[in-house]
Structures are given as C-alpha cells and as structure tokens.
Amino acid sequence: MTFELILVLAAGLFSTGLFGALSQQSIVMIMMGIELMIGGVIVAAADFWHFLAPGAPSGQVVIVAAVVAMAVEMAMGFAVTTAIYRARRVDMTDMAGELKG
Amino acid sequence: MGTTDTVLLAALGVLALVFGVLVFTLNSMARVTFSLLAALVCVGGITAVLGLPYLGVVIVLMMVMEMVIMAVFMIAYMMNPAGLMPMSMLHNKRGALTISGLVFVALAAGIFLVSWPDRTASRPRDTTFQVGRALMAEQMLTMVLLGFVLLATMVGATVLATHRGRYDRFGDDLDQRPAKDPAGGGVGR
Amino acid sequence: MVEAGAWWTLLAAPGLLVVLAALAVAGNAVLDARNAGRPVGVAGAVRPFLDVPRALVVQPRRLPAADRLLWRAGVVTVPVAAVLSTLVIPFGGHVVADLSVGVVWFNAMEVLTWAGLWLAGWGPNAAFSLVGGYRFLAQGLAYELPLMFALISAATGAESLRVGDIAAAQDGLWYAVWMPVAFAAYLAGVLAFSFLGPFAYPAGRDLAGGVLGEVSGVDRLLLRAGRWLWLASGAAMAVPLFLGGGAGPGLPAWAWSLVKTLLVLGLLVWGLRRLPVIRADRYVEFAWVVLIPLTIVQALVPAVVNLNR
C-alpha cells in the first residue's frame, strides 16, 4: 500500500505544479510550477525503483535525468526572462502574446 | 521497510504537499521560493528514505543552490517581492484548477487500477555504486547526452542573457586590449 | 576502523564543536590583543565572550515590515547546519553517523549556509543587510566549485564517499601531501563558507556590517557563533579528508585527531588575519579562470593513480 500512496503523493505534487504552471502569469512563477512537477516525477521514479525494480539502475538514471532537466529548465528560463525583460520590460506571459506561433 | 521509514515517509510526504500548495498561495515571493525549496528538500528526503541516499542528498544540495539563485531572480523581476501589497497574479484560475484536478484524478485512478508487477530483484548493497556504474557503462549514452544538454544550456543561457557582444568589449576593430568591461576581474585581464 | 552511532557521540560532537569554535574565538582575541599592544593573557582571550551575556539580555531591535519568520529561519540555519555537518566527521575512532555518502552530506549542509545567509540578509527589510546576502551568493558561486572538486579529489583517491574510508585510505601518505591544490582550495573554501577573513565581504565594514548589520540579541549571537562553528567544523573535516584522520605514532587516535584539528584551526585563525578582504567580482574571475581548472586537474591525479594501482 505504501507504494500506491507514494505514487499518489507524486501525482499530488505533479498536479499542484501543473495548476501553478497553468494559472500563474509571471514567467518565474511558471518555472516554479514546472520545478514542482519535476519533483513529482522524481518521487515517482524513486518509488518505482524501490518497490518494482531495485535490481536495475534505470530508476536512478531517470532521477539523474530529472535533476538535470530541473537545472536546464531554470537556467534557460532565467535567460529567456532576462532577454525578454531587457528587450521590452515584460515579465508576464500575457504581455508577451506576440511570441505566440 | 521499517516503522521509522514509514513514519518518515508519511511526514515528509505531507510536508512536501503542504509546502507545494503554499508555493501558489503565499504572497511574499521570498516565502514562495523558500516553500518551494522546502517541498523539494522533502522530495530529496523521500528519495533518501527510499534507499537512494546519494541522489537524495544531491537533490537537497542542488535545490538549495537553485532556489537561492531563483530567489534573486524572483526579487529582481516580481512586482511585489515581499508580499506587502497582496495582489492576484493569476489568469484562468478555474480552467487551471479543472485541468490539474482532472489530471490528478486520472493519475490516481491509474495508480489504483493498474495491477503493478511484483518486485523483480533484491536491492543492491550499495545503491550509489549501482547508479555510478550504470552511468559509466550501459547508460553511458544517457550521461553523454546529459553532458551535451548542459553544455548547450550554458552557452545558450549566456548568449541569451548577455547584452554585450564582442564589439562592445573589444571595439569596432576587435583590437582593443584589455577588453572594456563594466567590472574588473581578479586575474588582471 | 571507525565506530559509529554510540549514543554519547550525539552529545559529544556538538559539544566538541562548540569548544573548538570557542578556542578559535579566544585565539583570535589573543592575536587581536597582541596587535593592539594590550597584554596577552586570559583577560584578552575571554574578552569576546563578555558579549554573550550582553546579547542574551539586550532589548531586540525592531524594524518596520521585517520578515520575521524567514529572518529567524535564516539565522538559525547557519549554526544548525554547522552542527549537522559534524555528524559525519570521524573523531579518532568515533563518529555519530558513518553515512555512505558522508562527503556529499557535508557539502549539502555547507550549501545550506547559502540559504541561511541570504535569508538573514533578506529578513530585516534593510538595504545593507540584503546587499550582504547577495554578496555571499556571489562569493558562493566562486568558492563552491573549487571546494567541490577538492572534496571530489579526496573521495576519488579513496574510491569512497564515506569519510571514514577516506581517512583509512591515507595509510602512509596524506592526501595533503600529494593533493596540495585540493587541500589549499578546501582551506580557502572553509574560510569562505564561514565568511571570515578574506571572505568577510558579506559582512564587510563598508556595508555597516552587511548580513550582521541589523541582527541583535540572541539572533546576532547565533549568526556570529555560526561563523566560528563553521570554521571549527571545516578544520575538523580537513583532518579525515587530507591529513590521515586519527592515524599517527604513539598517541591514541582521538589525541591525533584533536592535535591535527587544532593545528588546522590555528592555521586558519592565523591566516584569516593575514589576508585582505577580497571583493566577490575579483574572486569569481580568479576562481573560474584559475582555481576550477587547477582543481579539475588535481581531481584527475588520484583518478589516474587509482587506475594504475
């Protein structure tokens, strides 16, 4: 049962982060939502590794990849925020509508 | 899994969720950043309790550095860093709540409906050795790719964030030495 | 071999850390007295401790719109992280918790200082404090990577992240002898994460005290104690990492650990008074252009040696 409950925790973290990423206007706050979502992924990967396949290292490799994804997401997010703010004093997604494809 | 581990997991899990919700309910941006840090530290703790001490401690280490840097940017770019003037910075709150609620229900349904397989093998004695060995052997390609992704990120982020090019530093004919930089450095260039 | 987990170590480790930190403060005060031409003696050594009762009874300073929760959290984090970092440091034949990832644990606790000091700067809602907090982050970005590579060098040499194993692996030849760059980068890191001496930039006099500028009473005591606790903890960690732990002829292991820790601590206290304060922008470039390549090459040395063993 512990296995399922930890997965529910992971789903909770993921959904909370998703709510933030969808509802926040500020780019930095959206990034916080994405970080929380990746945190949920880490919990799920550790859970799968521990309870289903501890003999194989794949679960751990997923966590390493998730941590790298967090770092990349943050670095690029701040770089884009800095660039867009410098270009037109904007840090809200609604004001950067012309970036829409 | 012993009783201590179960109690720790329950406490860390509840704390992670509480801090995760606080991220989107608090007003002060500094508090928001540090409640996200607390949530992610709990995630690292859960990882460590689940038998991955190396990854757990590394997550804590990385998240502290990352969130402190994030706080700097939060303060720099947000209108209301200390939360002294509460204001709503949300859009389409109802839609976001619906979507994330649906996602949670779908995930939870999947979690309890799928019949998960049984544990296939026993845990290795040294889990740190397991991940290190994997990254340097059968998962080498993953490691190389992650390295390239990080390198590309470093270059890309620097290019995006900097507003001065080489002509600003070295002059129109690129012959100006030393470079004209706003701040000096420690090796006397 | 290191024996872990005896119940009394949980009390002894923080106690020993506080004693070592107090010795460092006293030593610093004695050197202060000598420089000022006052008589060198017990009176000079206990001088800084007179601040302790004063800090306990003083009326705390109140500031408008201070973020008290985060301020308090930051001030408490610095000394608590210093104490937590000692859990993995073997002293003679004993250690509180011989974690399999001890080196990473020490590093993670040290990084908690980043959060603690930034929060201590943010909390009081005062400009100079906040600038002090930012200065520590700038300094952190400079000292952290050379420090990490120094720790990695020692761990690579012993092929283990367990601090006890690293001490045991230096049988015959200390890592300080054949990894001098890593040892020097580590000692610089110790001064930097205790923001003392050349790295006192976050609490600089040009900033009216920086992160220490607005704290008063018990908070001030905790933050200032945190610096010296970190210095003592860093000196104690240098012994198993680079100086062979408790190994030595004649004396028991705990005595050698004590002697070596006191020597490193003395060297640090002497050194922090001899060096001028470095501005973070200067140290960042030095660290990234000179120290990081040097420490990476240093980490390569034990890797190659281990391959050919």
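Guide: Quick definition before we start: axes here are lines fitted to C-alpha atoms, for helices over the stretch in contact, and angles run from 0 to 180 degrees between N-to-C directions. And keep in mind that this is a predicted model.

Visitor: Got it. So at what angle do H1 of chain A and H1 of chain B cross?

Guide: Roughly 10°, with the axes coming within 9 Å. That's residues 2-23 in chain A and residues 3-23 in chain B. Angles under 35 degrees count as roughly parallel, so H1(A) and H1(B) are roughly parallel to each other.

Visitor: Which residues meet there?

Guide: On the H1(A) side, they include A:Ile6, A:Leu9, A:Gly12 and A:Leu13. Across from them, H1(B) brings residues including B:Leu9, B:Gly13, B:Ala16 and B:Leu17. The contact of H1(A) with H1(B) has eight nonpolar residues, seven polar and no charged.

Visitor: Zooming out, how many residues of chain A are in contact with chain B?

Guide: 61, and they contact 66 residues of chain B. On chain A, H1, H2 (27-51) and H3 (58-88) each give at least two residues to that side. H3(A) has the largest share, with 21 residues.

Visitor: Switching topic: which helix of chain C gives the largest share of the side that touches chain B?

Guide: H5(C), with ten residues. Overall, 26 residues of chain C contact 24 of chain B. H5 (102-122), H6 (127-158) and H12 (280-307) of chain C each supply at least two.

Visitor: And how many charged residues on that side of chain C?

Guide: Four, alongside 20 nonpolar and two polar.

Note on methods
Residues are numbered from 1 along each chain as its sequence is written. Chains are lettered from A and ligands numbered from 1 in the order in which they are written. This is a predicted model: local features need pLDDT of at least 70, side-chain atom pairs count only at pLDDT 80 or more; totals for chains, interfaces and linings use all residues. Helices (H or I, at least four residues) and strands (E, at least two) are DSSP runs, numbered from the N terminus. Angles under 35 degrees count as roughly parallel, over 145 as roughly antiparallel, 65 to 115 as roughly perpendicular and the rest as oblique. Two residues are in contact if their C-beta atoms, placed from the backbone, lie within 7 Å. Ala, Val, Leu, Ile, Met, Phe, Trp, Tyr, Cys and Pro count as nonpolar, Asp, Glu, Lys and Arg as charged, and the others, Gly among them, as polar.
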